[in-house]
Amino acid sequence: MWEDPLSSFAALYESPDRAAKTLLFAESKKELRRLMRQRRDIIVSLREPFVPTPMTGVRKMLRLAGVKPGETVYDLGCGDGRIPIMAAEEFGARGIGVELRRDLFEEARGRVAEMHLEGKVKILRRDFMKVSLRKASVVALYLRSKTLAELIPKFERELPRGARVVTYWYQIPGWEPSKKTQIIGREIHRYGREKYIDRRFEVEICLYRG
Ligand SMILES: C[S@@+](CC[C@H](N)C(=O)[O-])C[C@H]1O[C@@H](n2cnc3c(N)ncnc32)[C@H](O)[C@@H]1O
């Protein structure tokens with residue numbers, strides 16, 4: 001479907017002027033789409049550059065989260081796919097990796113195929129803000145605190161009871177971790193869904209709504 005390029009660019013840059021300037025260089029709709037994809041990948045990597053969690057850190061995150069066979073582990077911004085892959089290989093879980101950058105998405109998907117894990121690991125090329133977490137048992141994250149803060153309303157809306165969130169290095173602002181560990185001087189934090197939602201309040205809210 002053909003999107004209005006000006007508003008798409010404006011949304012990306014939060015600046016219609018820059019969007020318009022970029023348009024000048026596109027000679028066709030196809031070329032414009034290609035530019036838009038490229039720009040989006042550049043913007044993503046400026047906001048949240050790809051820095052992989054060391055493999056020992058990944059293992060510690062999944063252990064701290066208490067991942068059990070059959071559970072579903074999400075990695076929002078999965079890079080080369082190492083977290084969902086290890087969740088499946090070593091912990092018997094189902095892994096879902098979400099990655100917006102095309103090159104990393106392709107790399108992660110390639111790794112999954114090489115390891116014949118297609119039945120257990122899914123890599124999605126999506127903006128993680130638009131991916132539902134309603135089926136997540138565990139969400140593993142290596143993202144900056146600013147991005148973690150933006151995810152809080154989504155966690156509160158979508159994470160099921162019993163779900164755990166683990167973060168490498170950065171903390172979720174305003175949330176108190178229930179457990180912590182360390183790896184090569186970096187902290188890993190675990191947060192439990194039951195820690196910040198009290199079902200009694202939910203019932204009260206429903207009653208007030210009538
Ligand atoms: C610090 S890296 C972490 C990679 C991987 N999770 C790991 O721990 O090795 C953050 C990743 O998030 C991706 N990313 C940033 N914003 C995103 C978004 N809105 N949707 C999907 N992926 C995103 C980046 O492209 C980058 O690969």
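Trainee: Is Tyr-170 buried, partly exposed or exposed?
Mentor: Tyr-170 counts as partly exposed, because its relative accessibility is 27%. Buried means under 20% relative accessible area, exposed over 50%, and partly exposed in between, with a 1.4 Å probe and protein chains only. Please bear in mind that this is a predicted model, in which local features need pLDDT of at least 70, side-chain atom pairs count only at pLDDT 80 or more, and totals for chains, interfaces and linings use all residues. Residues are numbered from 1 along each chain as its sequence is written, and side-chain values use heavy atoms, with hydrogens and water left out.

Trainee: And what about Trp-169, buried or partly exposed?
Mentor: Trp-169 counts as partly exposed, since its relative accessibility is 34%.

Trainee: How many aromatic pairs are there in the whole structure?
Mentor: The search finds 6 aromatic pairs. Rings of Phe, Tyr and Trp (its six-membered ring) pair if their centres lie within 6.5 Å; planes under 30 degrees apart count as stacked, over 60 as edge-to-face and the rest as tilted. One of the pairs is Phe-155 with Trp-175, which is tilted, with 5.9 Å centre to centre and 50° between the planes.

Trainee: Where do those two sit in the chain?
Mentor: Phe-155 belongs to helix α7 (residues 145-158), whereas Trp-175 is in the loop between β5 (164-168) and β6 (179-183); the two are 20 residues apart. Helices (H or I, at least four residues) and strands (E, at least two) are DSSP runs, numbered from the N terminus. Phe-155 and Trp-175 are both buried.

Trainee: Why is the pair of Trp-169 and Tyr-170 called stacked?
Mentor: Their ring centres are 5.6 Å apart and their planes are at 5°, so the pair is stacked. Trp-169 and Tyr-170 also belong to one aromatic cluster with Tyr-142 and Tyr-168.

Trainee: Changing topic: which residues are closest to the ligand?
Mentor: The closest are Thr-53, Asp-75, Gly-77, Glu-99 and Asp-127, out of 23 residues that surround the ligand. A residue is near a molecule if one of its heavy atoms lies within 4 Å of it. By class, this shell has 13 nonpolar, 3 polar and 7 charged residues.

Trainee: How many residues of α5 are buried?
Mentor: In helix α5 (residues 82-91), 8 of the 10 residues are buried, among them Arg-82, Met-86 and Phe-91. The buried residues pack against elements including α4 (55-65), β1 (72-76) and α6 (102-114), where contact means heavy atoms within 4.5 Å. After α5 comes Gly-92, with a positive phi near 70°.

Trainee: Last one: where is Arg-101, and what does it touch?
Mentor: Arg-101 is in the loop between β2 and α6. Arg-101 counts as buried, because its relative accessibility is 16%. Leaving out residues up to four places away in sequence, Arg-101 touches Asp-41, Val-44, Ser-45, Phe-50 and Arg-125.

Technical notes:
Ala, Val, Leu, Ile, Met, Phe, Trp, Tyr, Cys and Pro count as nonpolar, Asp, Glu, Lys and Arg as charged, and the others, Gly among them, as polar.
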